[in-house]
Amino acid sequence: MTTGRSVDDKISEELKSLSLRGPAGGSGRGGGILLDEEDEANRFANVRKKDFNRWERVKGRMINILDGLELHTGVFSAAEQRRIVDCVYDFQEKGRKGKLRERTYLKPRKWMRGNGRVTIQFGCCYNYAVDRKGNPPGIIRDEEVDPIPPLLKEMIKRMVSWHILPPSCIPNSCIVNIYDKDDCIPPHIDHHDFVRPFCTVSFLSECNIVFGTELKINGPGDFSGSDSIPLPLGSVLVLNRNSADVAKHCVPVVPTRRISITFRKMDDSKTPYDFIPDHDLQNLRPLSL
């Protein structure tokens with residue numbers, strides 16, 4: 001009598017087929033593969049998901065304003081985080097030297113506490129406010145930025161294959177945020193040029209993200225709301241449904257340097273005019289168990 005392969009063996013083989021075993025693309029320092037050598041089946045099994053509840057009265061009825069919010073921990077190991085951070089610093093250095101497209105890299109003038117984080121955009125140019133050309137907030141369809149680098153595409157593949165993001169909403173854009181001490185992100189709801197869900201991955205230092213239908217501004221970079229949620233290193237926070245469209249969110253001033261990468265899928269009607277879908281991100285699928 002013959003026995004079949006164990007479920008763990010099948011998962012491990014499937015994960016390996018989804019990974020790139022080449023250089024970490026885009027990083028001049030700390031290259032190497034994204035995936036560790038440890039047992040991938042155990043890695044996948046050890047990811048933990050947490051849901052959230054916060055009931056508030058909205059338009060006369062009580063609703064869970066955090067419906068659709070998920071925190072996935074254990075997604076990226078310490079070694080993987082180091083590779084990703086090195087890659088981000090390489091992007092930053094290229095941006096400083098003018099080696100990225102003009103709207104890819106942005107370092108605003110820091111004129112007050114909370115203002116001044118560096119952003120690096122891939123896939124599309126997102127306008128945070130009305131710019132000098134009169135473009136409104138949203139995706140600027142006639143501006144070009146650099147495409148998503150290979151290592152960040154590997155992150156997307158990991159999140160889809162590990163059931164963190166659905167294959168129906170594969171990100172085709174991302175924004176890297178590099179915070180120095182006292183930088184922040186003010187209260188907002190993400191623009192609907194991007195479909196739901198979207199997610200953010202945290203690196204370098206833990207911080208809190210604040211949610212609420214009404215967020216109080218106590219001072220420059222100082223915000224308070226209904227819920228304050230710690231974001232562990234290497235974790236993925238997914239925003240969908242009420243948590244993306246009813247509750248606002250913000251990141252108060254951070255006490256030390258932090259990096260986050262937000263991955264989003266553009267609405268098909270809002271993609272840049274010259275946008276070409278990335279072949280590497282087509283037909284991704286989650287692990288079948």
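At what angle do helix 3 and helix 4 pack, and how far apart are their axes? Keep that in mind while you set up the view.

This is a predicted model, where local features need pLDDT of at least 70, side-chain atom pairs count only at pLDDT 80 or more, and totals for chains, interfaces and linings use all residues. Residues are numbered from 1 along each chain as its sequence is written, and side-chain values use heavy atoms, with hydrogens and water left out.

**Stop 1: two helices**

Select helix 3 (residues 78-96) and helix 4 (residues 150-161). Helices (H or I, at least four residues) and strands (E, at least two) are DSSP runs, numbered from the N terminus. The two helices pack at an angle of about 140 degrees, and their axes are 10 Å apart. Axes are lines fitted to C-alpha atoms, for helices over the stretch in contact, and angles run from 0 to 180 degrees between N-to-C directions. Helix 3 is therefore oblique to helix 4: angles under 35 degrees count as roughly parallel, over 145 as roughly antiparallel, 65 to 115 as roughly perpendicular and the rest as oblique.

Now show side chains. Glu-80, Arg-83, Ile-84, Cys-87 and Phe-91 of helix 3 meet Leu-151, Leu-152, Met-155 and Arg-158 of helix 4. This contact (heavy atoms within 4.5 Å) has six nonpolar residues, no polar ones and three charged. Ala, Val, Leu, Ile, Met, Phe, Trp, Tyr, Cys and Pro count as nonpolar, Asp, Glu, Lys and Arg as charged, and the others, Gly among them, as polar.

**Stop 2**

Next, select the open sheet of eight strands, in the order 1-4-16-11-18-9-6-5 with antiparallel pairing. Strands pair if DSSP finds at least two bridges between them. Strand 1 (48-51) and strand 5 (105-106) are the edge strands, each pairing on one side only. Strand 5 pairs with strand 6 (residues 118-122) over two bridges, in the antiparallel sense. Click Leu-106: its bridge partner in strand 6 is Thr-119.

Bring helix 4 back. It packs on this sheet, touching strand 6, strand 9 (173-179), strand 11, strand 16 (236-239) and strand 18 (258-264). The direction of helix 4 makes about 65 degrees with that of strand 18.

**Stop 3**

Strand 12 (residues 207-212) runs antiparallel to strand 15, joined by five bridges. Ile-209 has Ile-229 in strand 15 as its bridge partner.

**Stop 2: salt bridges**

How many salt bridges does a search of the whole structure find? There are 20, each a side-chain nitrogen of Lys or Arg within 4 Å of a carboxyl oxygen of Asp or Glu.

Select Asp-90 and Lys-94, whose closest N and O atoms are 3.4 Å apart. Both lie in helix 3, four residues apart, about one turn of the helix. Asp-90 is buried at 13% relative accessible area; Lys-94 is partly exposed at 30%. Buried means under 20%, exposed over 50%, partly exposed in between (1.4 Å probe, protein chains only).

Then try Arg-196 and Asp-245, bridged at 2.9 Å, N to O. This pair links distant parts of the chain, 49 residues apart. Arg-196 sits in the loop between strand 10 and strand 11, Asp-245 in helix 5 (residues 241-245).
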